[in-house]
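Q: I have a two-chain model open and would like to learn how to read its features. Where should we start?

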Amino acid sequence: MSKRRLFDVLIALLLVLWIAPTIWLGVTSLKSEKNVVTDHLSLFSSTPTLANYSKAFGSTEIARWLFNSVIVSVVSTILTLVIDSMIAYALARIPFRGSDALFIFVLAGMMVPFEALIIQLYLEFNALGLINTLAAIVLPRLAMPIGVFILTQFFKEIPLALEEAAYIDGAGRWTIFTSIVIPNGKSALVTVMILSFINAWNDFLWPLVVASDSVKYTITVGIANFQGTHGTEYSLIMAGAVVASLPLIVLFLAFRDQIVKGIALTGMKD
Amino acid sequence: MRHNHNARDALLFSLPFLIVYLAFLVLPIFYGIYLSFFDWNILSGKRFIGFLNYLDAFKDDKFLSSLLHTCEFVLISTPTIIVAGFLMALIVMSSSKLKRGAETVFFMPYILSITVVGTLWSWIFQGSFGILNQTLLALGLRTVGWLTDPKTAMWSIACATVWWTAGFNMILFTAGIKQIPDDVYEAAKLDGAGYFTTLAKITLPMLRNTSILVLILQVIASFKVFGQSYVMTGGGPYGSTRVLVQYIYETGFTYFRMGYASAMSILLFLIILFVSIFQFAAAKGEGK
């Protein structure tokens, strides 16, 4: 038994170590600018303050960046779900010549590193006159091959009988897609929704490239820029980082099991 | 069932995805290959130079050092992240009461954005007021230039990365362990095998496929490293943490050498393609 206790203590120590940086993030954000450099090590500031948060919202563009991130993430998640589920339906349920080839063509996209496309994409969006727009941040992220993969696999499992019954009632493909496939594919759609939202919210390199005007920053780019503009105001920077993370932490705690399942299913990073 | 409209319906349902996919993924690949054969500074005109950009890259000290730093990061971070992720999976799959909490705590950093992780760890590693150096001082030890000493900077960046992404690999390993049939373990138990024997003789060998997947994904992810060094060191000190993606970014958007930046992008693409093909070969070899 004592061996088991020892194991538990070790795990507990490891957990404290792993959660410490996040706690430190929160603690620093509640310290006054003066306290940050005087009582470095104290976990709980004697005078916790929300001043950094009001300063972050009052004298920086953080509210604007949050708004941009929400728009970008919500819009790209919805559009990704629509286009990914449509092609997944075609691949899973419509027999046509070239179906396998199309599937492989789509999956091959998973091997393409987005990082190797930024120069060309920038020039492309420049030609389209879309530099410094939220649309430019959204568009290249919409076609998500891993989403097509998950949805196709899932749609294949929906019983054929449901579809046949609808055919007999004279339903067209679009009706079948919206009234049978979508409701039955809910759990896969939730997985893809979460993956897409996390990707969009945390995307950094592309928004950095395409949004040079601070009004169009997403929160990730804004926080990266904080260091340049507020160099030593650590508590303010940490408050900004908390604001940037809170929506995702809430999402994570709410959908923990789906997120874990989604990751396990895909084994894909972005 | 109706079959007469299959091809038309399939096309209509695929079209929205295909348009976006072709415009923003397939086209840029070919456009990049095309551009890589030109000397093109955005201010001047395009000039066809054949493979010169590629040859230049291998004579460019900055490119070579960026490639070297990237490889350095891959070599430091990959084994650490994989081992950490595996140990986490063992904890999550153990019978400890803490296992569910452990899964949450270990995975949580992964959902933070790289800029949050970068700013947070810059603060932890901060030279004069950061908690690490303050702790060292309190213990009467000498402080370390975590992000300011060229010898340690890449290690510090790798450390932050381990914290950020080990939980991702934990999920993959956990899923792999769950697929090992229970009766295999029960049989081992009946034979009197202890924990470490079972681990070495059953868990590890049966995780071979998962391990290959994790390894390849991790190597690919590490080759694409950018945000960490961009936020934490800006590529410094003295360019010691400048990685490939950052050099491509700088070449394109600071020096506007679009042709040269494209050529380096294609090289990055080829490296990652090579790793992916290696993955398929390894996975296929597994089937025999």
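A: Start with the contact between the chains, bearing in mind that this is a predicted model. The contact draws 70 residues from chain B and 72 residues from chain A.

Q: Which element gives the largest share of the side of chain B that touches chain A?
A: Helix α1 (residues 6-35) of chain B does, with 17 residues.

Q: How many residues of each class are on the side of chain B that touches chain A?
A: Sorting by class gives 50 nonpolar, 17 polar and 3 charged residues on that side.

Q: What scores does the model have?
A: The ipTM is 0.90 and the pTM is 0.91. For the chains, read the predictor's confidence in each residue, pLDDT. Chain A has a mean pLDDT of 88, with 95% of its residues at 70 or more. For chain B the mean is 91, and 97% of its residues reach 70 or more.

Q: Where in chain A is confidence lowest, and where is it highest?
A: Confidence is lowest in helix α2 (residues 33-38) of chain A, with a mean of 74, and highest in helix α7 (residues 134-138) of chain A, at 96.

Q: How many helices and strands does chain B have?
A: Chain B has 13 helices and 2 strands. Its radius of gyration is 24 Å, whereas the globule rule gives 19 Å for 288 residues, so chain B is more spread out than a compact globule. Along the principal axes, its C-alpha atoms fill a box of roughly 80 × 75 × 35 Å.

Q: What share of the residues in chain B is buried?
A: Buried residues account for 43% of the 288 in chain B. As for sequence separation, take the contacts in chain B between residues at least 6 apart: 70% of them join residues at least 24 apart.

Q: Why does L213(B) count as partly exposed?
A: A residue needs 20 or more neighbours to be buried and 12 or fewer to be exposed. L213(B) has 19 C-beta neighbours inside 10 Å, so L213(B) falls in the partly exposed class. This residue lies in helix α10 (residues 208-223) of chain B.

Q: What span should helix α14 (residues 234-254) of chain A have?
A: At 1.5 Å a residue, its 21 residues should span 30 Å, and the end C-alpha atoms are 30 Å apart, which agrees.

Q: Where is the kink in α14(A)?
A: The kink, of about 40°, is at S245(A), shortly before the proline P247(A).

Terms used: Residues numbered from 1 in each chain as written. Chains lettered and ligands numbered in written order. Predicted model: local features only at pLDDT ≥ 70, side-chain atom pairs only at ≥ 80, totals over all residues. Helix = DSSP H or I, 4+ residues; strand = E, 2+ residues; numbered from the N terminus. Expected span 1.5 Å × (residues − 1). Bend = angle between axes of the 7 residues up to and from the residue. Rg over C-alpha atoms; globule rule 2.2 N^0.38 Å. Contact = placed C-beta atoms within 7 Å. pLDDT = per-residue confidence, 0-100. Nonpolar A, V, L, I, M, F, W, Y, C, P; charged D, E, K, R; others polar.
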